[in-house]
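Have the model open while you read.

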Amino acid sequence: MKTVIVIVAIFTFVFLTCTVLFGDSPSLRNTPIQRVKKSLLRQLQNTSKSFSALDQKLSGKLTWSLGWSVPVFYLAVISTCLYFFFTETYPKVLPSSIVESWAHTFYIYVSISILYTSTMLVIYSDPGIIKNSTDVARACARSPYNELIFFSGNECSTCKLLKPARSKHCSTCGHCVMVFDHHCIWLNNCVGYYNYRWFMLYLIANINFLFYGGILSFAGLKKAREEYSDIGWWKLIVKTTEEVKITGVFVILCFLFVIITSAFTLLHLRYIYLGVTTNEVDKWSELEYLVELGTLFRIDQPDGKFVERGMYFDKTNNKYIQAFISLNDEKVLFTEDDKNFPKLKKVESVERDLDNIYDRGFIENLADRLCVNR
Ligand SMILES: [Zn+2]
Ligand SMILES: [Zn+2]
């Protein structure tokens with residue numbers, strides 16, 4: 001019975017994680033997965049409203065403590081696992097060919113060091129905070145507005161500074177961030193232009209740590225299996241010694257989390273390949289949706305703006321008419337009754353008719369995101 005509960009809990013956890021990570025993909029639009037993601041987000045939003053009220057009463061202390069509790073928890077889990085690895089698995093379960101090998105010993109320490117270092121680097125590095133007009137100018141010089149998902153002339157209502165293209169205001173950290181990717185709750189920091197490279201290092205360090213840890217632990221289990229050759233793998237883990245049980249848990253945890261972390265890293269590599277940030281994925285998906293609906297048009301002039309067709313209630317004539325609204329602020333720009341109605345060209349395909357100016361090919365995108373040629 002216990003085993004069934006553990007398996008169901010693990011599958012639910014993996015399903016919810018994948019839903020939150022991939023639920024926004026346009027190919028999943030109108031599928032149960034996207035609906036589950038939306039309802040999960042709605043629940044989260046409701047909880048966050050009551051949370052904000054309580055946090056205000058405590059003058060922000062709740063946000064501060066909760067923000068730090070996740071990375072502290074993550075580091076505590078890793079450190080506890082390492083403690084059990086070095087007191088149980090390493091001396092009692094691992095085959096001597098590993099324990100006595102200097103190459104393995106060296107690689108174990110390198111893997112652990114890179115994991116802790118990269119975690120600290122993402123937690124404490126500047127993601128590209130926009131503090132003043134110099135930072136605004138620097139961010140604007142790097143990323144021009146495309147007037148499709150980033151529009152010129154908008155000001156951040158909190159920072160009172162111009163919003164450069166590809167930037168976003170993070171409500172958790174309280175500032176605008178250059179080439180904003182996402183706010184990482186695991187690390188309690190934004191991931192943006194200057195620390196995306198440390199974030200990728202952190203992901204690779206985690207994959208290496210989990211994969212290598214999983215292989216070592218599995219080698220230990222295999223050795224234990226030789227001693228208890230008359231029982232199956234599951235019985236070996238749950239019915240023999242404490243150290244074998246701990247090693248078995250390591251194999252399961254490493255196997256599960258290496259899949260999740262690798263999927264997440266591949267997703268980021270795909271974003272780099274497409275020339276988008278996590279923050280921009282939703283914006284492009286919205287445009288894709290408008291193209292699917294056939295409601296996105298471009299004013300047929302050199303550098304003509306993109307407009308969205310919608311219905312608008314004309315109070316004077318008491319009827320609905322077709323209106324064309326700005327993608328930036330949804331203001332009505334002109335209606336079908338306007339005298340100087342411009343010539344429009346329908347956007348038929350995202351690939352053919354919309355140009356992502358931030359996509360300069362995988363290698364260039366990668367170099368840019370990793371700040372190689374800043
Ligand atoms: Zn801001
Ligand atoms: Zn943030």
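1. A search of the whole structure turns up 21 aromatic pairs. To count, the ring centres of Phe, Tyr or Trp (its six-membered ring) must lie within 6.5 Å; planes under 30 degrees apart are stacked, over 60 edge-to-face, and the rest tilted. Take tyrosine 107 and tyrosine 212: their ring centres are 4.8 Å apart and the planes meet at 85°, so this pair is edge-to-face. It links distant parts of the chain, with tyrosine 107 in helix 5 (residues 102–124) and tyrosine 212 in helix 7 (residues 196–227), 105 residues apart. Helices (H or I, at least four residues) and strands (E, at least two) are DSSP runs, numbered from the N terminus.

2. Before going on, the ground rules: this is a predicted model, where local features need pLDDT of at least 70 and side-chain atom pairs count only at pLDDT 80 or more, while totals for chains, interfaces and linings use all residues. Residues are numbered from 1 along each chain as its sequence is written, chains are lettered from A and ligands numbered from 1 in the order in which they are written, and side-chain values use heavy atoms, leaving out hydrogens and water.

3. Buried or exposed, then? Tyrosine 212 is buried at 13% relative accessible area, whereas tyrosine 107, at 35%, is partly exposed. The cut-offs are under 20% for buried and over 50% for exposed, with partly exposed in between (1.4 Å probe, protein chains only).

4. Phenylalanine 297 and phenylalanine 324 also pair edge-to-face, 5.7 Å centre to centre with 85° between the planes. Here strand 5 (residues 296–299) supplies phenylalanine 297 and strand 7 (residues 319–326) supplies phenylalanine 324, 27 residues apart. Both phenylalanine 297 and phenylalanine 324 are buried.

5. One aromatic cluster is made up of Tyr74, Trp186, Tyr196, Phe199, Tyr202 and Phe264. Look at tyrosine 196 in particular: the charged end of arginine 369 sits over its ring, 3.9 Å from the centre. (That label needs NZ of Lys or CZ of Arg within 6 Å of the ring centre and within 35 degrees of the ring normal.)

6. Which protein atoms hold the zinc ion (ligand 1) as donors? They are Cys156 (SG), Cys159 (SG), His169 (ND1) and Cys176 (SG), at 2.1 to 2.3 Å. Donors are N, O and S atoms within 2.8 Å of the metal (3.2 Å for Na, K and Ca); water is not among the atoms, so sites may look incomplete. Along the chain the spacing reads C-x2-C-x9-H-x6-C. Cysteine 156 is buried at 1% relative accessibility, and cysteine 176 is buried at 3%.
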